[in-house]
Each structure stands twice: as structure tokens, then as C-alpha cells.
Amino acid sequence: MAKHIREKAAASRGGAAGILAAVDEILPDIEALYKDVHAHPELSMHETRTAGIAAGRLRKAGYEVTEGVGKTGVVGLLRNGDGPTVMLRADMDALPIQEATGLDYASKQQAKDEDGNTVPVGHMCGHDMHVAWLIGASILFARARNAWNGTLMVVFQPGEETAQGARAMVDDGLIERFPKPDIVLGQHVMVGAAGTMAGSAGPITSAADSLQIRLFGRGAHGSMPQASIDPVVMAASIVLRLQTIVSREVAATDAAVVTVGVLQAGTKENVIPDDAIIKLNVRTFDPGVRKHVLSAIERIVNAEAEASGAPRKPEITPLDRYPLNVNDKTASDRIAASFREHFGTERVFHTGPAPASEDFGCFATAFQVPSVFWFVGGTDPKTYAKAKKAGTINDLPVNHSPKFAPVLHPTLQTGIETLVVGALAWLGETAEK
Ligand code: ZN
Ligand code: ZN
């Protein structure tokens with residue numbers, strides 16, 4: 001057994017070295033591609049330019065390419081003899097955020113959002129990095145076909161930020177039209193020393209539920225509160241009481257987040273409005289906790305409305321939902337062993353589940369196969385070490401911050417390498433036989 005594992009590790013190391021030999025050669029081109037995608041971000045489900053770049057690069061490298069899967073999704077297939085099928089996934093969309101990184105390749109783009117408003121657009125979640133990584137890895141696999149066996153399926157998905165894209169690709173026949181992978185792999189750039197990576201078996205990103213709550217009161221002149229049912233006071237009570245769900249109803253050993261991100265009521269200081277809007281976001285790591293938190297929200301909202309004498313029951317509308325993303329234990333251990341072998345133990349970290357959410361899990365669920373998702377550091381290592389020492393890691397710009405700016409080196413190379421090494425844990429398997 002031990003010998004078998006050693007042989008396997010040796011084979012995958014040989015394979016990785018063979019494939020990654022050309023990484024230095026492609027890196028300047030991948031850097032230029034990254035800067036171009038960064039400077040031309042596109043909103044969720046509108047990633048036509050980015051998808052066109054991915055499709056063009058894949059075609060040039062010899063992949064069978066299908067475009068327009070789930071609106072702007074791209075699927076590339078590289079068949080290389082008998083062996084496992086590995087799916088690698090990158091998301092492509094950007095956010096309606098004004099970039100404030102000051103980089104010379106910063107975005108100056110604007111676009112129309114779903115409501116027709118003109119908004120700034122910026123790659124503040126780093127999906128441009130994901131696109132560059134996957135294109136880089138795709139090119140390397142195509143160049144070194146003798147170092148692996150099987151089928152590589154690369155998927156560029158739209159609309160991750162709106163939880164639409166993975167579902168759209170599945171609904172557009174991804175499962176029926178393409179080979180069933182043995183494993184689905186994905187990765188995300190995050191705060192962390194560039195050159196390092198982190199992951200773990202089990203839940204890796206949280207389930208997320210966004211809700212809109214509309215509260216009904218009765219408007220009146222601000223000087224005559226007795227004639228009103230004040231939705232502002234109702235909303236204020238609800239916001240505070242919702243914070244007791246996590247502190248009073250969720251066990252210390254469980255985790256959950258309830259954040260009210262939108263609180264809207266009224267137009268003028270002396271007018272009591274008719275209604276109020278609350279929008280909130282819930283993160284959980286366990287289906288039982290999720291169910292409890294969601295039902296507690298409903299209970300509190302209804303009871304507070306009743307306590308205020310509201311003329312109508314509040315309207316609770318689900319906005320979007322991300323599933324819990326769980327790393328398969330066996331597959332995750334396999335990836336971790338391959339990473340340690342290739343990068344050395346000092347660059348591979350164990351991390352608990354992140355209270356971020358992803359629709360990545362949709363693919364493995366739809367194909368009914370295991371998946372593994374991990375994080376790749378994008379922070380300048382010196383800056384990160386300094387912040388860690390000073391206890392100020394939370395001050396570093398995180399994903400979705402207007403200042404989120406992964407350093408190019410070695411982040412670009414590391415993410416290409418993790419994809420190659422991760423995929424080879426399966427595709428390198430048969431090369432030894
Ligand atoms: Zn994001
Ligand atoms: Zn993201």
C-alpha cells in the first residue's frame with residue numbers, strides 16, 4: 001500500500017514537473033491576459049467578452065469548445081486517451097463596484113445593471129484571476145499530453161456573484177451534453193500570503209440565503225404618531241431582535257451569521273411612512289442550523305409586526321440562495337497530499353470553512369460526483385506577515401472591497417500550478433501504468 005502510494009506520488013510529481021516546465025514561458029502572456037480581463041470587467045450573466053477570450057484561447061490550444069452554455073458559459077474538452085475525467089471550473093463575472101486600487105490596469109468600466117441603472121464595474125472578487133489561472137493551466141495540459149491520460153473538461157461559468165451561473169449551465173444541459181467527471185475542482189483567490197494555499201475536508205464555504213422583508217405600517221404626520229403604526233420603529237426592533245438569533249439560539253459550537261445589509265424607510269423627517277424594507281443575508285454551515293435560523297427570522301419578523309399592531313403580515317421574499325459547499329473527504333485528502341508533495345508542507349495550510357458562499361457546489365451536486373474547492377493566497381507575503389504579526393489581518397482589503405488587488409507574482413503562477421497539480425492527482429494516475 002505504502003509502496004503503491006509512493007509510486008503514485010512519484011508519478012504525479014514527474015507529471016507535474018513535465019507539465020509545469022513551460023509555466024515560465026507562458027507567464028508573460030497570462031499576465032497580459034489577466035490585466036486585460038481586469039481592465040474589462042463584465043457584470044454577472046453578461047460576460048461575453050471574457051467568455052470570447054476563454055473560448056478563443058481554448059480553441060487555439062486544441063480543445064473542443066462549446067460556447068453559450070447557460071448564456072455565456074464556455075466548456076472546453078481535451079481528450080487524451082483512457083483515464084479519469086477531471087472538471088476544472090473558473091467563474092468570470094465582476095461586481096458593480098468602483099475600483100479604488102489605483103493600479104495602472106484598474107477598471108474604468110461602467111455598465112447597465114438589471115434595473116437599468118448605470119453602475120461602475122470592477123473585478124473586486126478576483127474572478128479575473130480565476131479566468132487567467134484556468135486558461136494558463138488549460139494551455140499547459142494541451143502542451144504536455146504525454147504527461148497525463150484521461151479527459152480534461154474546463155468550465156468557465158457566468159454569474160457566480162448572483163448565484164445564477166452554475167444553475168444556468170446545468171439547466172442548459174451541462175450534465176447531458178458533456179462527459180461526467182470523476183471529480184470537480186475549483187479555487188478562489190483570497191486574503192492570504194501569495195504562494196500559499198488552504199483548504200480542508202468537509203464544509204468549505206457556507207450556505208447563504210438572502211431575504212427581503214417588507215413591513216407594513218400606517219403612515220401619518222410626524223407630529224401625530226398616535227394616528228400611525230410606525231414601520232420605522234417596527235423595523236428597528238426587528239433588526240435588534242434578529243441579532244439574538246445567533247447569540248441566543250445557535251449553540252457556541254455551531255456557527256451562523258445574520259447580517260441586515262439594507263434598511264429602508266421614509267422620505268422626509270416629519271412623515272411617518274407606510275412601509276419599510278429590510279434585506280438580510282444568512283450564512284450557515286449545517287442544514288439543521290440553517291433551517292432553525294430561517295424559521296427564527298420568520299418567527300421574529302411576524303411577532304414584531306404583530307406586537308406593533310401591523311395592518312398586514314410582513315412579506316418575506318427569498319432573493320438568492322447558495323448551497324453549502326462540501327469538500328469530499330477522500331478527494332480532499334488526495335489533493336492535500338499532492339499539494340504538500342509539490343509545494344512543500346510550509347505552503348499548504350488547513351483552513352476551516354469560510355463564511356463566504358459559492359455556487360460551485362451546484363456542479364458536483366448535479367453530476368453526483370465529489371468535488372474539492374480551495375483557496376489561493378493573493379496578498380503580498382511581506383504585507384501579510386506584517387499584518388499577522390500586528391494582529392491587523394482584518395484590515396487587509398478582502399474580496400468585494402474596492403481596494404482588493406491580488407499581487408500578480410507569485411499569485412498567477414501559484415494558481416496555475418494548483419490547478420495542474422490538483423487535476424494531475426487524477427489525470428496522472430494512469431500515466432504510471
Ligand atoms: Zn464574490
Ligand atoms: Zn468570488
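Visitor: How much space lies in the second largest cavity?
Guide: This is a predicted model, where local features need pLDDT of at least 70, side-chain atom pairs count only at pLDDT 80 or more, and totals for chains, interfaces and linings use all residues; side-chain values use heavy atoms, without hydrogens and water. Residues are numbered from 1 along each chain as its sequence is written; chains are lettered from A and ligands numbered from 1 in the order in which they are written. A cavity is a set of points on a 1 Å grid over the protein atoms alone where a 1.4 Å probe fits but cannot get out, and its volume is the space filled by probe spheres set on the points. For the second largest cavity that space is about 30 Å³.

Visitor: How many cavities of 30 Å³ or more does the structure hold?
Guide: Rolling a probe the size of a water molecule over the atoms shows where empty space is left. At 30 Å³ or more, the number of cavities is two.

Visitor: Which element gives the most to the lining of the second largest cavity?
Guide: Lining residues have an atom within 4 Å of a cavity point. Here they are Arg-89, Ala-90, His-130, Trp-133, Leu-134, Gln-187 and Leu-419. Both β3 (85-91) and α4 (127-143) supply at least two residues; helices (H or I, at least four residues) and strands (E, at least two) are DSSP runs, numbered from the N terminus. With three residues, the top contributor is α4.

Visitor: How far does helix α8 reach from its first C-alpha to its last?
Guide: Helix α8 covers residues 287-308, 22 residues in total. The expected span is 1.5 Å times one less than the number of residues, and for α8 that is 32 Å. The reach in the model is close to this, at 32 Å.

Visitor: Which elements do the buried residues of α8 pack against?
Guide: Buried means under 20% relative accessible area, exposed over 50%, and partly exposed in between (1.4 Å probe, protein chains only). In α8 the buried residues include Val-293, Leu-294, Ile-297 and Ile-300. Their packing partners are β10 (207-216), α7 (231-249), β12 (256-265), β14 (275-284) and β15 (315-322).

Visitor: Which residue caps the N-terminal end of α8?
Guide: Look at the backbone nitrogen of Gly-288. A side-chain oxygen lies 2.9 Å from that nitrogen. The oxygen belongs to Asp-286.

Visitor: Which side chain makes a polar contact with the side chain of Asp-209?
Guide: Asp-209 is in strand β10, and it counts as buried because its relative accessibility is 6%. A polar contact is a pair of N or O atoms within 3.5 Å, one able to donate a hydrogen and the other to accept it; residues adjacent in sequence count only if both atoms are side-chain atoms. At 2.8 Å, the partner of Asp-209 is Arg-290.

Visitor: How far apart in space are Gly-199 and His-350?
Guide: Gly-199 sits in strand β8 (residues 197-199). Leaving out residues up to four places away in sequence, Gly-199 touches Ile-204, Phe-349, His-350, Thr-351 and Trp-374, where contact means heavy atoms within 4.5 Å. Gly-199 and His-350 are 151 residues apart in sequence, yet C-alpha to C-alpha they are apart by 5.3 Å.

Visitor: Is Thr-151 buried or exposed?
Guide: Thr-151 lies in strand β6 (residues 150-157). Beyond its neighbours within four places in sequence, its contacts include Leu-77, Pro-84 and Leu-427. Its relative accessibility is 10%, so Thr-151 counts as buried.

Visitor: Which residue takes a positive phi just after α3?
Guide: Helix α3 (residues 48-61) has 14 residues, and its end C-alpha atoms are 20 Å apart. Among its buried residues are Ile-53, Ala-54 and Leu-58. Just after α3, a phi of about 100 degrees belongs to Gly-62.

Visitor: Where does Lys-71 lie?
Guide: Most residues other than glycine have a negative phi, and most peptide bonds are trans. Phi of Lys-71 is positive, near 75 degrees. Lys-71 counts as exposed because its relative accessibility is 53%. Its place is the loop between β1 and β2.

Visitor: What is the omega of the peptide bond from His-409 to Pro-410?
Guide: Pro-410 lies in the loop between α11 (381-390) and α12 (411-427). The bond from His-409 to Pro-410 is cis, with omega near 10 degrees.

Methods. 1 Å grid on protein atoms, 1.4 Å probe; cavity = no way out; pocket = protein on both sides within 12 Å on 5 of 7 lines; lining within 4 Å.
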